[in-house]
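Thanks for coming. I have one structure to go through today, and I will start from a single residue before turning to the chain as a whole.

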Amino acid sequence: MGSLMAEVRGAEQLEAALNAVLASNREELLIGLCNVSQMGNWLMLAQECRLARDNEVRRDARGLHWTGELTSELHDEARRSGRGILLLHAHGGRDHVPGLSETDASTVDEILPHLGMLLPDVPHAYVVVNTTHATGWAQLDNERRALDRVTLATNPLRTWTSEVTTCEPVHARDQRQAAALGELGIAKLRRSTVGIVGVGGAGSQVAEMLAHAGIGRLVFVDPDALEDVNLSRTHGASPETVGQLKVQSAKAMVERISQETEVLAVAEAFPTKALLHDLRDVNVLVACVDGVQPRNELNRFALRYAIPLIDVGTTITPEPFRVDGHLSLVMPGSQCLRCAGHVSEALLGEEMDAARKGRYGLHEGRPQVVSFNGILASAAVTEVFKLVTGFSGEAPGSREWHYDPVRGELRAVRLAPGRCRECTWYGMKGDAV
């Protein structure tokens, strides 16, 4: 890893305020209160974002200024809530990194050390954006770091970077994809990281398709080794790989497909301290797990760090033969897996009761068919493409689809309006939960 930097990440509230800043015909000040994560790069999760009111700022030829009363008000609110302060405004232009004006530079040197002294336990940031890029600084106590990016965890994902990046030439292997998704879409895929938790039947197929698509980086998480029973549905597996870790088999499969995709293989069961660090900065998280408890932990993790979560699962009942497969897209600030009914106290209790009685869990050893997994895995990868490349336009909020191969249906399911306690309690809380 290079020099440590900082990221500002948010969802709908930050998006609305940031769009207003960019659309205004005058200079505006965006104020946000941020929960934080200090693992590696500082991550500031922006909430309660608003534009400063006219009585809180003044504008002159030298730029935008704000009153001491506003600084005092922000300090009091941040101190009460234990959150960091984000100050952001816009300069004109695009396709270049905006520079800090003389007023910006003096403000950074004045306000950030002041906030760092008054509120030393969390980072605070001063950011300047234009329509494509961002620059700025974050301060924690006496330490200062450069801003790396501003990310909106929306659908599609939006990013303002601190470096100008150019589209690399489209390789021959990507020409037909580029014809559909555009050269910029291919460039976004190359710069994206996807975490896959569970690389068995469905997860291995997700990994295979993303490798063919030329995704930039994959993080595989699975503690298990391949057994004979896995050969009927796990892509990349063969009799020779029985006994090998699933993550190593998946990594070898990806390396055969694409030399451009970097793979981090972690043979651990989520969550561990290492995995919290490795998965916190992925662009999209794909859950292909069987148990209710790991699904519950991943749901909470994605909510805490504002990461879009795609959850895949299939339940097969042999007699009478029924199949219910689901694909859930959980977006920050919208409904979660508890809202959709895939996690509940009743299901968690049933799973724990089975374990106490020495029986396998609710889902371990259950029936599986490779093609059923494949339909859902393919749909999950398409949702990754939508999030990363934006080919389908804006599609706000969480959504769900159910797959019934008996009837030959893949249908959208409307989620109940509103959000559950899990969404509001864990949403964008960073390391505080």
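Let me start with E7 and what surrounds it. Setting aside neighbours within four places in sequence, E7 is in contact with W42, L43, M44, L147, R149, T151 and D281. Please keep in mind that this is a predicted model.

One of those partners deserves a separate mention. The side chains of E7 and R149 are joined by a polar contact of 3.2 Å. As for where E7 sits, it is part of strand β1, which covers residues 6–10.

Is E7 buried or exposed? Its relative accessible area is 5%, and the cut-off for buried is under 20%, so E7 counts as buried. For a sense of distance, take G198, which is 191 residues from E7 along the chain: the two C-alpha atoms are separated by 28 Å.

The second residue I picked is H133. Where is H133 placed? It is in the loop between β7, residues 124–129, and β8, residues 134–140. Despite the loop position, H133 is buried, because its relative accessible area is 7%, against a limit of 20%.

Which side chain makes a polar contact with the side chain of H133? That is T132, at 2.7 Å. If we leave out residues up to four places away in sequence, H133 touches D95, H96, V97 and P98, then V128, and then W160, T161, E163, V164 and T165.

Now the whole chain. The secondary structure amounts to 11 helices and 18 strands. The C-alpha trace spans about 75 × 50 × 35 Å along its principal axes.

How does the radius of gyration look for 433 residues? A compact globule of that length would come out near 22 Å, and the protein has 23 Å, so the value agrees with the globule estimate.

On burial, 53% of the 433 residues count as buried; E7 and H133 are among the buried ones. On contact order, take the contacts between residues at least 6 apart in sequence: 68% of them join residues at least 24 apart.

The accessible surface comes to about 19,200 Å², and carbon and sulfur atoms account for 50% of that. There are 44 positive and 55 negative side chains, and the centres of the two sets lie 3 Å apart.

That is what I have; I will take questions now.

Definitions and conventions: Residues numbered from 1 in each chain as written. Predicted model: local features only at pLDDT ≥ 70, side-chain atom pairs only at ≥ 80, totals over all residues. Heavy atoms only, no water. Helix = DSSP H or I, 4+ residues; strand = E, 2+ residues; numbered from the N terminus. Rg over C-alpha atoms; globule rule 2.2 N^0.38 Å. Buried < 20%, exposed > 50% of the residue type's maximum accessible area, 1.4 Å probe, protein only. Contact = heavy atoms within 4.5 Å. Areas by Shrake-Rupley, 256 points an atom, 1.4 Å probe, with all protein chains shown as cover. Lys, Arg positive; Asp, Glu negative; His and termini not counted. Charge placed at Lys NZ, Arg CZ, Asp CG, Glu CD. Polar contact = N/O pair within 3.5 Å; in protein donor to acceptor, adjacent residues only side chain to side chain.
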